[in-house]
Amino acid sequence: MASLFSGKSPGPATDTPLKDADSHLAVRVRALTKTFSIGRRGVDKLLALKAVDVDARSGEMLMIVGPSGCGKTTLLSIVAGTLSFDSGEINVFGHKLHQMSSSAVTAFRARSIGFIFQSFNLIPTLTCAENVSVPLLINGLGRQEAEKKAEEMLERVGLGGRGGERPNFLSGGQQQRVAIARALVHEPRLVICDEPTSALDSQTGATVMELLRTAARKPGRAVLIVTHDNRAYKYADRIVEMEDGKVQRVYEDARDIAGY
Ligand SMILES: Nc1ncnc2c1ncn2[C@@H]1O[C@H](COP(=O)(O)OP(=O)(O)OP(=O)(O)O)[C@@H](O)[C@H]1O
Ligand SMILES: [Mg+2]
């Protein structure tokens, strides 16, 4: 299978040469804290992340696991630049998100991050191919070329020929694959996935995990992935176990985690 991640990238994916001592790190999170206001009047506080430290190395697929409500989606959303945080440092390929304006974070995200949301977040009024084209259009590709690449990417996730349909007419697993295609199509440096295989059968899930692993295994790239599916553990380079808003343990060898 030809790699989609070889050859010329559509966007300026190498915009940030990393020169400091942490240049082997794709993502460096330090003392990250996040509080949500909850309750009817919003005065109660829920501490969702309690001084979290996480590193993802360049070229690695880092898996994040832990019970429901432990803060996995919150962590991913903050690293993706889609959720604010109280305090801490987030460094993504040398970009210090905690020091950047929100418009700079938005521009960086469009270029360099692909995000597969837990809820697929497809745009219902666009066709599948148009949904997948969005990151390419944002990065300045012409419409025709973008749709051609989108169709190719849809084929890679087993949805060849379905590009003209609207997402609502597809099954949950098919919609999830459209979301995966959209996250990968512009060959982002960092791919962030929240339960990317939850709606997929094991064969399709394996194909998607292989695609994601290919996306990770390049210097200057990485994949962060949250999963409840222990069949996915074998694709991880390392596994971070979270519990109650904290990192409980980091498995340097994925084979050491229970349920591998
Ligand atoms: N927008 C929000 N407003 C208030 N509380 C929130 C919000 N989002 C998340 N939380 C709370 O923060 C905590 C962490 O939520 P998060 O979604 O990160 O968990 P998770 O580990 O992803 O869980 P799951 O495995 O069920 O997806 C939970 O207690 C949740 O209720
Ligand atoms: Mg979640």
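Visitor: Which residue of β7 is the bridge partner of I116?

Guide: This is a predicted model. Strand β6 covers residues 113–116, and β7 covers residues 190–194. The two strands pair in the parallel sense over 4 bridges. In β7, the partner of I116 is C193.

Visitor: In what order do the strands of the sheet lie?

Guide: The sheet is open and has 6 strands, with mixed pairing. Neighbouring strands are turned by 15° against each other on average, direction ignored. The order is β6-β7-β8-β3-β9-β10.

Visitor: Which strands does helix α5 touch where it packs on the sheet?

Guide: Helix α1 (residues 72–79) also packs on the sheet, touching β3, β6, β7, β8 and β9, and its direction makes about 155° with that of β7. Helix α5 spans residues 172–184, and its direction makes about 170° with that of β6. The strands touched by α5 are β6 and β7.

Visitor: Why are α5 and α6 described as roughly parallel?

Guide: Helix α6 covers residues 202–216. The axes of α5 and α6 are 12 Å apart. Angles under 35 degrees count as roughly parallel, and α5 and α6 are therefore roughly parallel to each other. The angle between them is about 10°.

Visitor: How many residues in the contact of α5 with α6 are nonpolar?

Guide: From α5, the contact uses R177, I180 and L184. From α6, it uses T204, V208, L211, L212 and A215. These residues include 1 polar and 1 charged. The number of nonpolar residues is 6.

Terms used:
Residues numbered from 1 in each chain as written. Chains lettered and ligands numbered in written order. Predicted model: local features only at pLDDT ≥ 70, side-chain atom pairs only at ≥ 80, totals over all residues. Heavy atoms only, no water. Pairing = 2+ DSSP bridges. Axes fitted to C-alpha atoms, helices over the stretch in contact; angles between N-to-C directions. Contact = heavy atoms within 4.5 Å. Parallel < 35°, antiparallel > 145°, perpendicular 65-115°, else oblique. Nonpolar A, V, L, I, M, F, W, Y, C, P; charged D, E, K, R; others polar.
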